[in-house]
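User: Please take me through this model one feature at a time, and state the cut-offs behind each term as it comes up.

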Amino acid sequence: MRKYIFLITLMLILVFSGCNQRQTPHEITNKTNSSFAEVRIMNVGEKFTLNIAHFKRYYQANRIEAYISNQRVGRVNYKEEFLALHTGKTDLKVVLYNGLDMKIIIDFGTVYVIDLEEFIPISNQLELRQNIKKNPSGFFYLADDINLSGFNVTPIPYFNGFFINPYHYVIKGLTINNIYGAGLFLEVNHAYIDGIILEDVQINCDDTIDYGPHIYTGSLIGYANNSYISNIAVSGEVKNGNLMGGIAGYLNNCTLTKSSYTGSLSKGEVIGGLVGLFFEGVVSSSYVNAQFSGENNGEGSKIGG
């Protein structure tokens with residue numbers, strides 16, 4: 001009899017302890033909805049509706065907060081609209097609270113806002129090199145054709161601003177012979193680059209000197225991180241380098257769209273028609289028309305279109 005009483009008592013303890021371990025809504029403190037995240041390109045004065053009312057009903061939220069990482073770029077008004085105010089980049093999120101200590105974050109992605117009046121014109125080789133180098137976070141637009149033939153150009157070391165080409169001017173004859181990394185921009189971070197046309201490029205990155213585990217070789221960019229790159233057209237020749245592409249050597253968490261490379265690529269350890277190595281992000285609506293040739297320091301190459 002004692003044995004049965006003991007077993008029944010043990011079963012009751014297990015049942016009630018299991019009930020106490022159930023999660024309640026109060027224990028869910030953070031939830032992010034990223035399915036609405038996208039990249040938006042806007043002109044100053046434009047707006048789009050966030051439709052926060054839909055999310056408030058769905059999540060039964062009683063309070064909201066708009067998060068704009070760069071408040072100079074834009075704001076959210078009482079109509080639940082994002083208004084583009086000034087040139088720049090911002091991340092856009094809305095945080096909802098539903099009264100049960102549950103916080104829901106709606107990630108609307110990244111917004112790039114353009115106002116040409118806030119941009120500095122680039123009209124010649126000197127401005128291309130010096131102005132951008134002095135102000136790597138600035139806003140620039142190409143204001144004339146630039147002929148770089150006959151110059152051995154040193155890559156712009158770092159850029160995290162905006163560089164656009166709204167009038168379809170051409171940078172011709174870009175020639176780079178560099179011992180470590182190659183591209184019009186050596187490193188790009190959180191930048192917006194649009195519409196750049198490079199014709200007759202000659203990129204040669206000397207990979208015979210060991211300066212590190214990777215030598216990034218591209219016509220426009222050596223290495224880029226968290227950037228938006230669109231409407232790029234490149235023609236010419238790119239050769240030598242560990243990670244080598246017609247447009248960029250290495251893209252990390254970037255968008256590359258509506259772009260093309262035409263020409264040849266040779267003597268790289270890892271060769272891609274557009275990008276040598278691509279890690280996360282998006283490549284869309286782009287094409288390559290190129291001749292590939294392998295072998296890097298006597299070894300075979302990894303080649304992809």
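This is a predicted model: local features need pLDDT of at least 70, side-chain atom pairs count only at pLDDT 80 or more; totals for chains, interfaces and linings use all residues.

**Loops, helix faces and charges**

User: How many Å separate the C-alpha atoms of Thr87 and Arg72?

Analyst: Arg72 is partly exposed at a relative accessible area of 45%, whereas Thr87 is buried. The two residues are 15 residues apart along the chain, and the separation of their C-alpha atoms is 8.3 Å.

User: Which residues of helix 2 are buried, and within what arc do they fall?

Analyst: The buried residues of helix 2 are Ile52, Phe55 and Tyr59. The arc is taken over the directions from the helix axis to the C-beta atoms. Viewed down the axis of helix 2, these buried residues line one face of the helix, because they fall within an arc of 60 degrees.

User: Which residues are exposed on the other side of helix 3?

Analyst: In helix 3 (residues 125-134), the buried residues are Leu128, Arg129 and Ile132. Down the axis of helix 3 they stay within an arc of 100 degrees and so line one face. The exposed residues on the other side of helix 3 are Leu126 and Lys134.

User: What is the phi of Asn51, and what is the phi of His190?

Analyst: Asn51 sits in the loop between strand 3 (47-49) and helix 2 and is partly exposed at 41% relative accessibility, while His190 sits in the loop between strand 15 (185-189) and strand 16 (192-194) and is partly exposed at 37%. In each case phi is positive in a residue other than glycine: for Asn51 the value is near 60 degrees, and for His190 the value is near 50 degrees.

User: How many salt bridges does the count come to?

Analyst: A salt bridge here is a side-chain nitrogen of Lys or Arg within 4 Å of a carboxyl oxygen of Asp or Glu. One of them joins Glu65 and Arg63 at 2.9 Å, N to O, with Glu65 partly exposed at 37% and Arg63 partly exposed at 42%. By this rule the count of salt bridges is four.

User: With which residue does Lys47 form a salt bridge?

Analyst: The closest N and O atoms of the Lys47 pair, whose partner is Glu81, are 3.8 Å apart. This pair links distant parts of the chain, since Lys47 is in strand 3 and its partner in strand 6 (residues 81-84), 34 residues apart. The partner is buried at a relative accessible area of 12%, and its name is Glu81.

User: How many residues apart in sequence are the parts that Arg72 and Glu118 tie together?

Analyst: The side chains of Arg72 and Glu118 meet in a salt bridge at 3.4 Å, N to O. Arg72 lies in the loop between strand 4 and strand 5 (74-76) and Glu118 in the loop between strand 8 (103-114) and strand 9 (120-122), so the pair ties together parts whose separation in sequence is 46 residues.

User: Which residues gather in a patch of negative charge on the surface?

Analyst: Patches are made of residues with over 30% relative accessible area and no salt bridge, like charges being joined within 9 Å and nonpolar side chains (Val, Leu, Ile, Met, Phe, Trp, Tyr) within 5 Å. One member, Asp144, is in the loop between strand 10 (139-142) and strand 11 (146-147) and is partly exposed at 35%. The residues gathered in this negative patch are Asp144, Asp145, Glu199 and Asp200.

Terms used: Residues are numbered from 1 along each chain as its sequence is written. Side-chain values use heavy atoms; hydrogens and water are left out. Accessible areas come from the Shrake-Rupley method with a 1.4 Å probe; for residues, only the protein chains shown count as cover. Lys and Arg count as positive and Asp and Glu as negative; His and the chain ends are not counted. The place of a charge is taken as NZ of Lys, CZ of Arg, CG of Asp or CD of Glu. Helices (H or I, at least four residues) and strands (E, at least two) are DSSP runs, numbered from the N terminus. Buried means under 20% relative accessible area, exposed over 50%, partly exposed in between (1.4 Å probe, protein chains only).
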